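Here is a short briefing on one protein structure. Look at the sequence and the model first, then work through the points below.

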Amino acid sequence: MAEKKKLDELQLNLLREVAGLHEVPEGAYSIRVDGEMYGKNSSENIVIEKKTDKPGIDIYIKAGTKNESVHIPVIIAESGLRELVYNDFHIGEDADVVIIAGCGIHNCGVQDSEHSGIHSFFVGKNARIKYVEKHYGDGDGNGKNVMNPTTVVLLEEGAYMEMETTQIKGVDSTKRKTEAVLKDKSTLIVHEKIMTHGSQFAETEFVVDLQGEDCGTHVVSRSVAKDNSRQLFISDVVGNNRCSGHTECDAIIMDNACVEAIPKIIANNTEASLIHEAAIGKIAGEQLIKLMTLGLDEKQAEEQIINGFLK
């Protein structure tokens with residue numbers, strides 16, 4: 001068997017940026033590099049299988065698994081590469097795990113590089129999952145970095161899922177869509193952070209079907225739009241039972257940027273409680289002045305405010 005080629009420094013840097021890894025991890029993992037599976041490993045309770053009919057993997061987490069994690073980063077350093085990957089997560093009843101994903105693209109060519117992923121989560125009864133996803137891009141070529149993630153979630157009775165998604169550098173175009181169906185007493189929490197600059201475009205859409213009795217969702221998006229970039233936030237929450245739903249879009253707009261928020265809430269039950277909040281505005285002048293009196297120049301003050309806002 002041929003010896004696996006080691007990751008070079010550029011690839012390792014992408015791995016650090018999107019997954020916080022300095023080397024191939026221990027335990028359960030799957031690492032995808034330039035359109036191919038680089039390596040995978042299963043643990044006693046988390047089994048990863050490569051799909052045979054299309055690109056992607058199936059992750060099976062045994063019922064009752066506690067305090068374990070799995071890493072599934074994707075890195076692309078080949079200009080012009082475009083891929084669509086399907087990853088399915090089967091989380092057993094009463095499990096409590098962390099899944100760390102993410103995609104990093106380094107593009108120094110003239111062609112666009114694109115990673116699109118469809119992640120489907122089937123979360124068993126009373127299971128808890130934290131899903132962390134970070135998107136990052138860099139490069140000095142004319143080709144664009146494009147990432148279009150789709151997340152599909154089915155939460156069984158009493159299940160809990162927390163999503164933490166971050167995109168703050170180097171992604172020229174993204175369309176992020178999350179679709180979720182919640183059953184009795186299940187909960188979906190989403191924290192999204194996005195920053196765009198230059199002529200970048202970011203669209204995020206959340207479609208949540210509050211199907212079960214006493215289920216609930218809380219979706220919070222914080223974003224910063226600079227230069228001539230554009231952002232579009234869409235939320236569509238439907239309450240079909242006694243349930244609760246809250247979505248919040250909070251954005252800072254700068255320079256010649258554009259931010260659009262389109263909320264939609266539908267109550268099909270008299271006991272559905274649904275709220276949407278949206279706020280778009282510039283950095284307050286008094287915030288800048290306060291920091292500048294402490295010795296920062298205007299740019300440094302802006303950076304401090306933005307970092308705190310996206311924290």
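This is a predicted model. Start with Glu203, which sits in strand E16, residues 201-210.

**A buried charge**
- Glu203 is buried, yet it has no salt bridge.
- The nearest side chain of opposite charge belongs to Lys175, 4.5 Å away.
- Leaving out residues up to four places away in sequence, Glu203 touches Thr174, Lys175, Arg176, Leu232 and Ile234.

**Positive phi**
- Most residues other than glycine have a negative phi.
- Asp34 has a positive phi, near 50 degrees. Find Asp34 in the loop between strand E1 (28-33) and strand E2 (36-41).
- Asn67 has a positive phi too, near 55 degrees. Asn67 lies in strand E5, residues 66-71.
- Is Asn67 buried or exposed? Asn67 is exposed, because its relative accessible area is 75% and the cut-off is over 50%.

**Two packed helices**
- Two packed helices are described by the angle and the distance between their axes.
- Helix H2 (residues 285-292) packs with helix H3 (residues 298-310) at about 115 degrees, and their axes are 9 Å apart.
- The crossing of H2 and H3 is right-handed.
- H2 brings Gln287, Leu288, Leu291 and Met292 to the contact, while H3 brings Glu298, Ala301, Glu302, Gln304 and Ile305.
- Of these contact residues, five are nonpolar, two are polar and two are charged.

Conventions:
Residues numbered from 1 in each chain as written. Predicted model: local features only at pLDDT ≥ 70, side-chain atom pairs only at ≥ 80, totals over all residues. Heavy atoms only, no water. Axes fitted to C-alpha atoms, helices over the stretch in contact; angles between N-to-C directions. Helix = DSSP H or I, 4+ residues; strand = E, 2+ residues; numbered from the N terminus. Left-handed = near helix turned anticlockwise from the far one by under 90°. Contact = heavy atoms within 4.5 Å. Nonpolar A, V, L, I, M, F, W, Y, C, P; charged D, E, K, R; others polar. Buried < 20%, exposed > 50% of the residue type's maximum accessible area, 1.4 Å probe, protein only. Lys, Arg positive; Asp, Glu negative; His and termini not counted. Salt bridge = Lys/Arg side-chain N within 4 Å of Asp/Glu carboxyl O.
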